[in-house]
Amino acid sequence: MAAPEIDRATTTLDAAPLAADLPARLAAAAPRVVVLGDAVLDQWLTGPSKRLSREAPVPVVEVDHTRGSPGAAANTAANLAALGARTELVSVLGDDADAATVRELLATYGVGTDGVVTDPTRPTAAKRRVLADDALVARFDTTTRGRLGDAARDAVHAAFRRAVEGADAVVVCDYDGGSLDGVVDLLGPPGERSYRLVVDAHDPARWTPARPDVVTPNAGEAATLLGRDLGGPDRVAAAEAAGAELRERSGAGAVVVTLDRDGALLLPSDGDAPAHRTFARPSPEANTCGAGDTFTAALVLALAAGTPAATAVELAQAAADVVVGRPGTSVCGTGELAERVAAAEGPLLDATSLAAIVDEQRVAGRRVVFTNGCFDVVHRGHIASLNQAKRLGDVLIVALNSDASVARLKGPSRPVNPLADRAAVIGALSCVDHVTVFDDDTPAELLELLEPDVYAKGGDYTPQMLRESATVGAYGGRVVILDYLPDRSTSAIVERIRGDLP
(Lines give C-alpha, C1' and ligand atoms only; values in the text may rest on other atoms or scores of the structure.)
Protein backbone atom coordinates (compact mmCIF):
# COMPACT_ATOMS: atom_id res chain seq x y z
CA MET A 1 0.00 0.00 0.00
CA ALA A 2 1.47 3.36 -0.97
CA ALA A 3 2.24 5.85 1.78
CA PRO A 4 -0.34 8.62 2.00
CA GLU A 5 0.51 12.06 0.74
CA ILE A 6 1.01 14.30 3.76
CA ASP A 7 -0.50 17.78 3.72
CA ARG A 8 2.15 20.52 3.78
CA ALA A 9 0.73 21.85 7.05
CA THR A 10 1.35 18.48 8.71
CA THR A 11 5.11 18.63 8.26
CA THR A 12 5.39 21.71 10.47
CA LEU A 13 3.94 19.95 13.52
CA ASP A 14 6.69 17.46 14.32
CA ALA A 15 8.12 19.77 16.98
CA ALA A 16 4.98 21.76 17.80
CA PRO A 17 4.59 22.83 21.43
CA LEU A 18 1.25 22.90 23.18
CA ALA A 19 0.06 26.44 22.51
CA ALA A 20 -3.24 28.13 21.76
CA ASP A 21 -2.66 28.01 18.00
CA LEU A 22 -2.02 24.24 17.90
CA PRO A 23 -5.69 23.14 17.57
CA ALA A 24 -6.15 25.43 14.56
CA ARG A 25 -2.93 24.13 12.99
CA LEU A 26 -4.12 20.55 13.43
CA ALA A 27 -7.48 21.40 11.89
CA ALA A 28 -5.68 23.01 8.95
CA ALA A 29 -3.57 19.86 8.50
CA ALA A 30 -6.87 17.88 8.36
CA PRO A 31 -5.40 14.37 8.68
CA ARG A 32 -7.59 11.56 7.37
CA VAL A 33 -8.69 9.21 10.17
CA VAL A 34 -10.70 5.99 10.05
CA VAL A 35 -12.64 5.05 13.19
CA LEU A 36 -13.36 1.34 13.35
CA GLY A 37 -15.57 -0.01 16.10
CA ASP A 38 -18.74 -0.29 18.12
CA ALA A 39 -21.15 2.63 17.70
CA VAL A 40 -23.81 3.46 20.28
CA LEU A 41 -26.70 5.90 20.63
CA ASP A 42 -26.45 7.83 23.91
CA GLN A 43 -29.78 9.33 24.94
CA TRP A 44 -30.96 11.45 27.87
CA LEU A 45 -34.57 11.72 28.95
CA THR A 46 -34.96 14.61 31.38
CA GLY A 47 -37.75 16.26 33.30
CA PRO A 48 -39.01 17.22 36.76
CA SER A 49 -39.96 14.71 39.45
CA LYS A 50 -42.59 15.72 42.01
CA ARG A 51 -43.75 12.42 43.45
CA LEU A 52 -42.96 8.76 44.05
CA SER A 53 -44.62 5.94 42.18
CA ARG A 54 -47.35 3.90 43.91
CA GLU A 55 -45.92 0.68 42.46
CA ALA A 56 -42.54 1.12 44.13
CA PRO A 57 -40.59 3.82 46.01
CA VAL A 58 -39.10 5.29 42.83
CA PRO A 59 -39.43 8.82 41.44
CA VAL A 60 -41.90 9.51 38.66
CA VAL A 61 -40.09 11.56 36.01
CA GLU A 62 -42.26 13.74 33.78
CA VAL A 63 -40.02 13.64 30.69
CA ASP A 64 -40.16 16.91 28.81
CA HIS A 65 -36.92 16.74 26.84
CA THR A 66 -35.06 13.99 25.00
CA ARG A 67 -31.54 14.49 23.68
CA GLY A 68 -29.39 12.09 21.70
CA SER A 69 -25.64 11.99 21.07
CA PRO A 70 -23.36 9.66 19.13
CA GLY A 71 -21.71 7.32 21.60
CA ALA A 72 -18.67 5.04 21.84
CA ALA A 73 -16.94 4.76 18.42
CA ALA A 74 -19.47 7.19 16.96
CA ASN A 75 -18.54 9.73 19.65
CA THR A 76 -14.84 9.31 18.90
CA ALA A 77 -15.60 9.92 15.21
CA ALA A 78 -17.74 12.99 15.98
CA ASN A 79 -14.98 14.50 18.14
CA LEU A 80 -12.36 13.86 15.46
CA ALA A 81 -14.50 15.57 12.83
CA ALA A 82 -15.25 18.51 15.16
CA LEU A 83 -11.49 18.95 15.67
CA GLY A 84 -10.84 19.08 11.92
CA ALA A 85 -9.98 15.52 10.90
CA ARG A 86 -11.42 14.06 7.72
CA THR A 87 -13.21 11.22 9.44
CA GLU A 88 -14.79 7.98 8.21
CA LEU A 89 -16.64 5.60 10.56
CA VAL A 90 -16.67 1.86 9.89
CA SER A 91 -19.23 0.17 12.13
CA VAL A 92 -22.49 -1.80 12.29
CA LEU A 93 -25.94 -0.45 13.10
CA GLY A 94 -29.34 -2.10 13.08
CA ASP A 95 -32.19 -1.32 10.74
CA ASP A 96 -34.18 0.74 13.23
CA ALA A 97 -35.02 4.24 14.41
CA ASP A 98 -31.96 4.42 16.67
CA ALA A 99 -29.69 3.73 13.69
CA ALA A 100 -31.33 6.55 11.76
CA THR A 101 -30.74 8.88 14.71
CA VAL A 102 -27.05 7.93 14.92
CA ARG A 103 -26.58 8.51 11.19
CA GLU A 104 -28.28 11.93 11.41
CA LEU A 105 -26.11 12.95 14.36
CA LEU A 106 -22.92 11.87 12.58
CA ALA A 107 -23.94 13.82 9.48
CA THR A 108 -24.23 17.01 11.54
CA TYR A 109 -20.56 16.66 12.50
CA GLY A 110 -19.43 15.80 8.97
CA VAL A 111 -18.46 12.20 9.70
CA GLY A 112 -18.40 9.95 6.64
CA THR A 113 -20.73 6.97 7.05
CA ASP A 114 -20.23 5.07 3.80
CA GLY A 115 -18.50 2.41 5.88
CA VAL A 116 -21.40 1.95 8.32
CA VAL A 117 -23.03 -1.42 7.63
CA THR A 118 -26.72 -2.14 8.27
CA ASP A 119 -27.46 -5.49 9.91
CA PRO A 120 -31.22 -6.05 10.23
CA THR A 121 -30.67 -9.06 12.51
CA ARG A 122 -29.27 -6.93 15.35
CA PRO A 123 -30.64 -3.87 17.16
CA THR A 124 -28.61 -0.69 17.34
CA ALA A 125 -26.79 -0.49 20.67
CA ALA A 126 -28.20 2.29 22.87
CA LYS A 127 -27.76 3.65 26.38
CA ARG A 128 -30.71 5.65 27.73
CA ARG A 129 -30.47 7.63 30.92
CA VAL A 130 -33.41 9.06 32.86
CA LEU A 131 -32.68 12.24 34.80
CA ALA A 132 -34.99 13.79 37.38
CA ASP A 133 -34.08 17.44 37.82
CA ASP A 134 -30.52 16.70 36.62
CA ALA A 135 -30.12 13.69 38.94
CA LEU A 136 -29.60 10.32 37.25
CA VAL A 137 -32.26 7.89 38.49
CA ALA A 138 -32.11 5.06 35.93
CA ARG A 139 -30.30 3.77 32.86
CA PHE A 140 -31.54 1.12 30.46
CA ASP A 141 -29.47 -0.34 27.63
CA THR A 142 -30.03 -2.09 24.35
CA THR A 143 -27.00 -4.32 23.77
CA THR A 144 -25.55 -6.14 20.75
CA ARG A 145 -22.94 -8.56 22.04
CA GLY A 146 -23.64 -11.45 19.70
CA ARG A 147 -21.34 -12.38 16.85
CA LEU A 148 -21.94 -10.86 13.45
CA GLY A 149 -23.43 -13.00 10.72
CA ASP A 150 -21.16 -13.89 7.83
CA ALA A 151 -22.70 -11.33 5.47
CA ALA A 152 -22.40 -8.43 7.91
CA ARG A 153 -18.86 -9.41 8.87
CA ASP A 154 -17.76 -9.54 5.25
CA ALA A 155 -19.39 -6.17 4.61
CA VAL A 156 -17.49 -4.60 7.54
CA HIS A 157 -14.20 -6.01 6.27
CA ALA A 158 -14.83 -4.73 2.76
CA ALA A 159 -15.80 -1.29 4.10
CA PHE A 160 -12.61 -1.12 6.13
CA ARG A 161 -10.42 -2.08 3.18
CA ARG A 162 -11.97 0.75 1.16
CA ALA A 163 -11.79 3.32 3.96
CA VAL A 164 -8.20 2.67 4.99
CA GLU A 165 -6.71 3.59 1.62
CA GLY A 166 -4.81 6.86 2.13
CA ALA A 167 -5.60 7.10 5.86
CA ASP A 168 -3.14 8.85 8.16
CA ALA A 169 -4.47 7.03 11.23
CA VAL A 170 -6.85 4.26 12.24
CA VAL A 171 -8.38 4.14 15.69
CA VAL A 172 -9.98 0.90 16.85
CA CYS A 173 -12.80 1.34 19.40
CA ASP A 174 -13.50 -2.18 20.69
CA TYR A 175 -16.10 -2.21 23.46
CA ASP A 176 -17.23 -5.85 23.11
CA GLY A 177 -20.07 -4.92 20.78
CA GLY A 178 -19.29 -7.76 18.40
CA SER A 179 -18.68 -5.68 15.27
CA LEU A 180 -14.94 -6.31 14.98
CA ASP A 181 -14.71 -10.07 14.49
CA GLY A 182 -11.71 -10.95 12.32
CA VAL A 183 -10.65 -7.32 11.80
CA VAL A 184 -7.30 -7.78 13.53
CA ASP A 185 -6.19 -9.93 10.61
CA LEU A 186 -6.77 -7.02 8.21
CA LEU A 187 -4.39 -4.61 9.93
CA GLY A 188 -1.08 -6.14 8.98
CA PRO A 189 2.27 -5.68 10.74
CA PRO A 190 3.59 -2.18 11.50
CA GLY A 191 6.17 -2.29 8.72
CA GLU A 192 3.46 -2.77 6.11
CA ARG A 193 1.07 -0.12 7.42
CA SER A 194 1.08 3.42 6.07
CA TYR A 195 -0.98 4.78 8.96
CA ARG A 196 -0.77 5.17 12.73
CA LEU A 197 -2.79 2.50 14.56
CA VAL A 198 -4.30 3.45 17.92
CA VAL A 199 -6.34 0.90 19.89
CA ASP A 200 -8.92 1.79 22.54
CA ALA A 201 -10.29 -1.55 23.73
CA HIS A 202 -11.82 -3.17 26.80
CA ASP A 203 -9.45 -6.07 26.18
CA PRO A 204 -6.27 -4.64 24.58
CA ALA A 205 -4.67 -8.10 24.41
CA ARG A 206 -7.10 -9.00 21.62
CA TRP A 207 -5.19 -6.57 19.39
CA THR A 208 -1.67 -7.60 20.41
CA PRO A 209 -1.03 -9.45 17.10
CA ALA A 210 -1.49 -6.14 15.22
CA ARG A 211 1.27 -4.50 17.28
CA PRO A 212 -0.47 -1.10 17.53
CA ASP A 213 1.49 2.12 17.62
CA VAL A 214 -0.43 3.20 20.71
CA VAL A 215 -2.96 1.62 23.07
CA THR A 216 -5.06 3.65 25.53
CA PRO A 217 -6.22 1.42 28.39
CA ASN A 218 -7.92 2.84 31.45
CA ALA A 219 -6.96 1.53 34.89
CA GLY A 220 -9.30 -1.47 34.64
CA GLU A 221 -8.15 -2.37 31.14
CA ALA A 222 -4.51 -2.06 32.19
CA ALA A 223 -5.28 -4.42 35.07
CA THR A 224 -6.79 -6.88 32.57
CA LEU A 225 -3.58 -6.75 30.54
CA LEU A 226 -1.41 -7.27 33.60
CA GLY A 227 -3.59 -9.86 35.30
CA ARG A 228 -3.55 -7.77 38.47
CA ASP A 229 -4.88 -4.48 39.77
CA LEU A 230 -2.91 -1.24 39.72
CA GLY A 231 -2.95 -1.54 43.49
CA GLY A 232 -1.82 0.84 46.19
CA PRO A 233 -2.56 4.50 46.80
CA ASP A 234 -0.52 5.73 43.80
CA ARG A 235 -1.98 4.31 40.58
CA VAL A 236 0.32 6.52 38.51
CA ALA A 237 3.45 5.05 40.08
CA ALA A 238 2.06 1.52 39.69
CA ALA A 239 1.32 2.09 36.00
CA GLU A 240 4.76 3.59 35.41
CA ALA A 241 6.45 0.65 37.12
CA ALA A 242 4.51 -1.73 34.87
CA GLY A 243 5.37 0.18 31.68
CA ALA A 244 7.59 -2.45 30.06
CA GLU A 245 5.09 -5.19 30.88
CA LEU A 246 2.15 -3.18 29.50
CA ARG A 247 4.01 -2.56 26.23
CA GLU A 248 4.96 -6.22 25.93
CA ARG A 249 1.50 -7.61 26.70
CA SER A 250 -0.29 -5.13 24.43
CA GLY A 251 2.28 -5.41 21.64
CA ALA A 252 2.16 -1.61 21.42
CA GLY A 253 4.95 0.82 20.77
CA ALA A 254 3.58 3.25 23.37
CA VAL A 255 0.93 2.97 26.07
CA VAL A 256 -1.24 5.82 27.35
CA VAL A 257 -2.95 4.79 30.60
CA THR A 258 -5.97 7.00 31.31
CA LEU A 259 -6.70 7.40 35.03
CA ASP A 260 -9.74 9.74 35.09
CA ARG A 261 -9.21 12.09 38.07
CA ASP A 262 -5.47 11.25 38.11
CA GLY A 263 -4.98 12.35 34.50
CA ALA A 264 -3.11 10.16 32.05
CA LEU A 265 0.33 8.57 31.84
CA LEU A 266 2.29 8.22 28.59
CA LEU A 267 4.69 5.28 28.60
CA PRO A 268 6.67 6.07 25.44
CA SER A 269 7.89 3.64 22.82
CA ASP A 270 11.49 4.34 23.80
CA GLY A 271 11.73 2.33 27.00
CA ASP A 272 14.60 4.53 28.20
CA ALA A 273 12.59 7.73 27.78
CA PRO A 274 10.81 9.10 30.85
CA ALA A 275 7.08 8.69 31.32
CA HIS A 276 4.96 11.79 30.86
CA ARG A 277 1.97 12.49 33.08
CA THR A 278 -0.94 14.86 32.56
CA PHE A 279 -3.10 16.27 35.34
CA ALA A 280 -6.87 16.27 34.96
CA ARG A 281 -9.44 18.90 35.87
CA PRO A 282 -11.51 17.38 38.72
CA SER A 283 -15.15 16.81 37.78
CA PRO A 284 -18.19 14.95 39.14
CA GLU A 285 -18.46 11.37 37.88
CA ALA A 286 -21.77 12.19 36.20
CA ASN A 287 -19.98 14.66 33.91
CA THR A 288 -17.31 12.27 32.65
CA CYS A 289 -19.49 10.31 30.20
CA GLY A 290 -17.70 10.17 26.85
CA ALA A 291 -14.62 12.05 28.04
CA GLY A 292 -12.47 9.05 27.18
CA ASP A 293 -13.72 9.16 23.58
CA THR A 294 -12.82 12.85 23.38
CA PHE A 295 -9.37 12.13 24.84
CA THR A 296 -8.76 9.40 22.26
CA ALA A 297 -9.97 11.59 19.40
CA ALA A 298 -7.67 14.51 20.24
CA LEU A 299 -4.75 12.13 20.80
CA VAL A 300 -5.27 10.44 17.43
CA LEU A 301 -5.69 13.76 15.62
CA ALA A 302 -2.40 15.08 16.99
CA LEU A 303 -0.47 11.86 16.33
CA ALA A 304 -1.88 11.58 12.81
CA ALA A 305 -0.58 15.08 12.07
CA GLY A 306 2.90 14.24 13.37
CA THR A 307 2.74 16.02 16.73
CA PRO A 308 5.17 14.70 19.39
CA ALA A 309 3.61 12.13 21.73
CA ALA A 310 3.94 14.19 24.92
CA THR A 311 2.30 17.20 23.26
CA ALA A 312 -0.44 14.96 21.85
CA VAL A 313 -1.24 13.59 25.31
CA GLU A 314 -1.35 17.09 26.78
CA LEU A 315 -3.72 18.17 24.01
CA ALA A 316 -5.89 15.11 24.64
CA GLN A 317 -6.10 15.95 28.34
CA ALA A 318 -7.13 19.52 27.52
CA ALA A 319 -9.89 18.25 25.21
CA ALA A 320 -11.16 15.85 27.88
CA ASP A 321 -11.18 18.71 30.38
CA VAL A 322 -13.47 20.66 28.04
CA VAL A 323 -16.17 17.99 27.96
CA VAL A 324 -16.05 16.92 31.61
CA GLY A 325 -17.35 20.37 32.44
CA ARG A 326 -20.67 19.49 30.77
CA PRO A 327 -23.44 17.00 31.52
CA GLY A 328 -23.91 14.07 29.15
CA THR A 329 -21.85 12.92 26.18
CA SER A 330 -20.31 15.94 24.52
CA VAL A 331 -18.05 16.92 21.64
CA CYS A 332 -15.03 19.24 21.79
CA GLY A 333 -14.44 21.53 18.81
CA THR A 334 -11.32 23.33 17.62
CA GLY A 335 -12.34 26.72 19.05
CA GLU A 336 -13.19 25.28 22.47
CA LEU A 337 -9.93 23.37 22.62
CA ALA A 338 -7.93 26.47 21.66
CA GLU A 339 -9.73 28.44 24.38
CA ARG A 340 -8.95 25.74 26.96
CA VAL A 341 -5.26 25.65 26.02
CA ALA A 342 -5.08 29.45 26.07
CA ALA A 343 -6.70 29.51 29.51
CA ALA A 344 -4.17 26.96 30.74
CA GLU A 345 -1.34 29.18 29.57
CA GLY A 346 -2.56 31.91 31.90
CA PRO A 347 -0.90 35.23 32.69
CA LEU A 348 2.42 35.59 34.40
CA LEU A 349 1.79 36.12 38.10
CA ASP A 350 3.59 38.88 39.97
CA ALA A 351 5.33 37.96 43.22
CA THR A 352 2.68 39.53 45.48
CA SER A 353 -0.22 37.72 43.82
CA LEU A 354 1.71 34.45 43.82
CA ALA A 355 2.52 34.82 47.53
CA ALA A 356 -1.20 35.16 48.29
CA ILE A 357 -1.98 32.01 46.29
CA VAL A 358 0.79 30.06 48.05
CA ASP A 359 -0.60 31.12 51.45
CA GLU A 360 -4.04 29.83 50.43
CA GLN A 361 -2.56 26.54 49.24
CA ARG A 362 -0.61 26.13 52.46
CA VAL A 363 -3.73 26.72 54.58
CA ALA A 364 -5.49 24.03 52.51
CA GLY A 365 -2.68 21.61 53.41
CA ARG A 366 -1.20 21.41 49.93
CA ARG A 367 2.51 20.85 49.33
CA VAL A 368 4.14 23.56 47.18
CA VAL A 369 7.00 22.76 44.78
CA PHE A 370 9.13 25.48 43.17
CA THR A 371 11.54 25.21 40.26
CA ASN A 372 13.13 27.73 37.94
CA GLY A 373 15.05 28.11 34.72
CA CYS A 374 15.30 29.85 31.37
CA PHE A 375 13.21 27.26 29.47
CA ASP A 376 14.18 28.99 26.25
CA VAL A 377 13.72 26.14 23.75
CA VAL A 378 11.69 23.53 25.62
CA HIS A 379 12.85 19.95 25.01
CA ARG A 380 12.16 16.49 26.36
CA GLY A 381 14.52 16.91 29.29
CA HIS A 382 12.63 20.00 30.47
CA ILE A 383 9.25 18.27 30.26
CA ALA A 384 10.52 15.17 32.09
CA SER A 385 11.95 17.33 34.88
CA LEU A 386 8.75 19.35 35.26
CA ASN A 387 6.67 16.18 35.41
CA GLN A 388 8.96 14.79 38.09
CA ALA A 389 8.88 18.06 40.02
CA LYS A 390 5.07 18.13 40.10
CA ARG A 391 5.01 14.66 41.56
CA LEU A 392 6.95 15.92 44.59
CA GLY A 393 3.90 17.83 45.79
CA ASP A 394 0.48 19.22 44.91
CA VAL A 395 1.22 22.62 43.35
CA LEU A 396 4.09 23.36 40.95
CA ILE A 397 5.39 26.91 40.51
CA VAL A 398 7.83 27.61 37.68
CA ALA A 399 9.86 30.81 37.86
CA LEU A 400 11.32 31.95 34.53
CA ASN A 401 14.43 34.04 34.13
CA SER A 402 13.55 37.39 32.58
CA ASP A 403 14.93 38.14 29.12
CA ALA A 404 17.64 40.32 30.66
CA SER A 405 18.57 37.58 33.11
CA VAL A 406 18.80 35.00 30.32
CA ALA A 407 21.06 37.31 28.31
CA ARG A 408 23.40 37.73 31.27
CA LEU A 409 23.57 33.99 31.85
CA LYS A 410 23.61 32.70 28.26
CA GLY A 411 25.00 35.54 26.17
CA PRO A 412 23.62 38.43 24.11
CA SER A 413 22.06 36.15 21.45
CA ARG A 414 19.71 34.61 23.99
CA PRO A 415 16.91 34.12 24.70
CA VAL A 416 15.70 32.72 21.39
CA ASN A 417 12.10 33.03 22.62
CA PRO A 418 10.94 36.11 24.57
CA LEU A 419 9.45 35.83 28.03
CA ALA A 420 5.81 35.87 26.93
CA ASP A 421 6.36 32.98 24.52
CA ARG A 422 8.34 30.96 27.07
CA ALA A 423 5.63 31.52 29.67
CA ALA A 424 2.92 30.44 27.22
CA VAL A 425 4.66 27.14 26.46
CA ILE A 426 5.48 26.29 30.09
CA GLY A 427 2.09 27.42 31.37
CA ALA A 428 0.31 25.18 28.85
CA LEU A 429 1.74 22.02 30.44
CA SER A 430 -0.83 20.39 32.69
CA CYS A 431 1.77 19.68 35.37
CA VAL A 432 2.46 23.43 35.82
CA ASP A 433 0.08 25.34 38.07
CA HIS A 434 1.60 28.84 38.17
CA VAL A 435 4.28 30.74 36.22
CA THR A 436 6.17 33.78 37.44
CA VAL A 437 9.34 35.67 36.52
CA PHE A 438 12.48 36.90 38.28
CA ASP A 439 15.12 39.33 37.06
CA ASP A 440 18.09 38.37 39.25
CA ASP A 441 20.61 35.67 38.47
CA THR A 442 19.04 33.39 41.11
CA PRO A 443 15.48 33.13 42.49
CA ALA A 444 16.66 33.50 46.10
CA GLU A 445 14.43 36.54 46.75
CA LEU A 446 11.36 34.68 45.44
CA LEU A 447 12.23 31.67 47.58
CA GLU A 448 12.47 33.85 50.68
CA LEU A 449 9.06 35.35 49.91
CA LEU A 450 7.20 32.13 49.01
CA GLU A 451 8.98 29.58 51.21
CA PRO A 452 7.94 26.57 49.09
CA ASP A 453 8.10 23.14 50.72
CA VAL A 454 10.35 21.79 47.96
CA TYR A 455 12.89 23.51 45.73
CA ALA A 456 13.54 21.27 42.71
CA LYS A 457 16.37 21.70 40.20
CA GLY A 458 17.51 19.79 37.14
CA GLY A 459 19.90 16.88 37.46
CA ASP A 460 22.86 18.78 36.00
CA TYR A 461 23.20 20.53 39.38
CA THR A 462 24.12 19.46 42.92
CA PRO A 463 22.82 21.18 46.07
CA GLN A 464 26.34 22.51 46.73
CA MET A 465 26.34 24.25 43.34
CA LEU A 466 23.19 26.21 44.13
CA ARG A 467 23.56 29.49 45.98
CA GLU A 468 19.86 29.32 46.81
CA SER A 469 20.28 26.07 48.81
CA ALA A 470 21.23 28.15 51.86
CA THR A 471 18.04 30.21 51.47
CA VAL A 472 15.87 27.08 51.33
CA GLY A 473 17.64 25.51 54.29
CA ALA A 474 17.21 28.68 56.37
CA TYR A 475 13.42 28.50 56.32
CA GLY A 476 13.30 24.68 56.65
CA GLY A 477 12.56 23.70 53.05
CA ARG A 478 13.99 20.79 51.11
CA VAL A 479 16.19 20.84 48.00
CA VAL A 480 15.60 17.99 45.53
CA ILE A 481 17.80 17.33 42.51
CA LEU A 482 15.76 15.87 39.68
CA ASP A 483 16.83 13.04 37.38
CA TYR A 484 19.14 14.05 34.58
CA LEU A 485 18.30 13.21 30.97
CA PRO A 486 21.61 13.23 29.08
CA ASP A 487 22.17 14.70 25.64
CA ARG A 488 19.37 17.23 26.05
CA SER A 489 20.57 20.85 26.00
CA THR A 490 18.96 24.05 24.76
CA SER A 491 22.37 25.44 23.86
CA ALA A 492 23.17 22.36 21.77
CA ILE A 493 19.81 22.58 20.02
CA VAL A 494 20.36 26.25 19.21
CA GLU A 495 23.84 25.50 17.85
CA ARG A 496 22.46 22.74 15.63
CA ILE A 497 19.80 25.08 14.28
CA ARG A 498 22.50 27.63 13.48
CA GLY A 499 24.50 24.97 11.71
CA ASP A 500 27.39 24.90 14.18
CA LEU A 501 26.94 21.19 14.91
CA PRO A 502 26.22 18.19 12.65
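Start with the whole chain and its radius of gyration, taken over C-alpha atoms. The globule rule is 2.2 Å times the number of residues to the power 0.38. For 502 residues a compact globule would have a value near 23 Å, and the chain has 25 Å, which agrees. This is a predicted model: local features need pLDDT of at least 70, side-chain atom pairs count only at pLDDT 80 or more, and totals for chains, interfaces and linings use all residues. Residues are numbered from 1 along each chain as its sequence is written, and side-chain values use heavy atoms, with hydrogens and water left out.

Along the principal axes, its C-alpha atoms fill a box of roughly 75 × 65 × 40 Å. Colour by secondary structure: the chain has 18 helices and 20 strands, where helices (H or I, at least four residues) and strands (E, at least two) are DSSP runs numbered from the N terminus.

Now colour by accessibility. Buried means under 20% relative accessible area, exposed over 50%, and partly exposed in between (1.4 Å probe, protein chains only). On that scale, 53% of the 502 residues count as buried. The chain exposes about 21700 Å², and carbon and sulfur atoms supply 50% of that area; accessible areas come from the Shrake-Rupley method with a 1.4 Å probe, and for residues only the protein chains shown count as cover. For contacts (heavy atoms within 4.5 Å), consider those with a separation of 6 or more: residues 24 or more positions apart account for 70% of them.

The UniProt annotation "binding site", from an unreviewed entry, covers Asn218, Ala219, Gly220 and Glu221. UniProt positions are given in the numbering used here, feature names are shortened, and annotations may be inferred rather than shown by experiment.

Centre on Asn218, in the loop between strand S12 (214-215) and helix H6 (219-226). Asn218 is partly exposed, with a relative accessible area of 31%. Not counting residues up to four places away in sequence, Asn218 touches Val257 and Thr258. Its side chain also reaches the backbone nitrogen of Glu221 at 2.8 Å.

Move to Glu221, in helix H6. Is Glu221 buried or exposed? Glu221 is buried, at a relative accessible area of 7%. Show Asp200, Ala201, His202, Pro204 and Thr216, which Glu221 contacts when its neighbours within four places in sequence are left aside. The side chains of Glu221 and His202 are joined by a polar contact of 3.0 Å. A polar contact is a pair of N or O atoms within 3.5 Å; within protein, one must be able to donate a hydrogen and the other to accept it, and residues adjacent in sequence count only if both atoms are side-chain atoms.

Select Arg247 in helix H8 (residues 243-250). Arg247 is buried, with a relative accessible area of 16%. Its side chain reaches the backbone oxygen of Pro268 at 3.2 Å. Beyond four places in sequence, the residues that Arg247 touches include Ala252, Gly253, Val255, Leu267 and Gly271.

Helix H9 has 14 residues (residues 291-304) and should span 20 Å at 1.5 Å a residue; its end C-alpha atoms are 20 Å apart, which agrees. The expected span is 1.5 Å times one less than the number of residues. In H9, 13 of the 14 residues are buried. After H9 comes Gly306, with a positive phi near 90°.

Finish at helix H13 (residues 380-390): nine of its 11 residues are buried, so H13 is largely enclosed by the rest of the structure. Among the buried residues are His382, Ile383, Leu386, Asn387 and Lys390.
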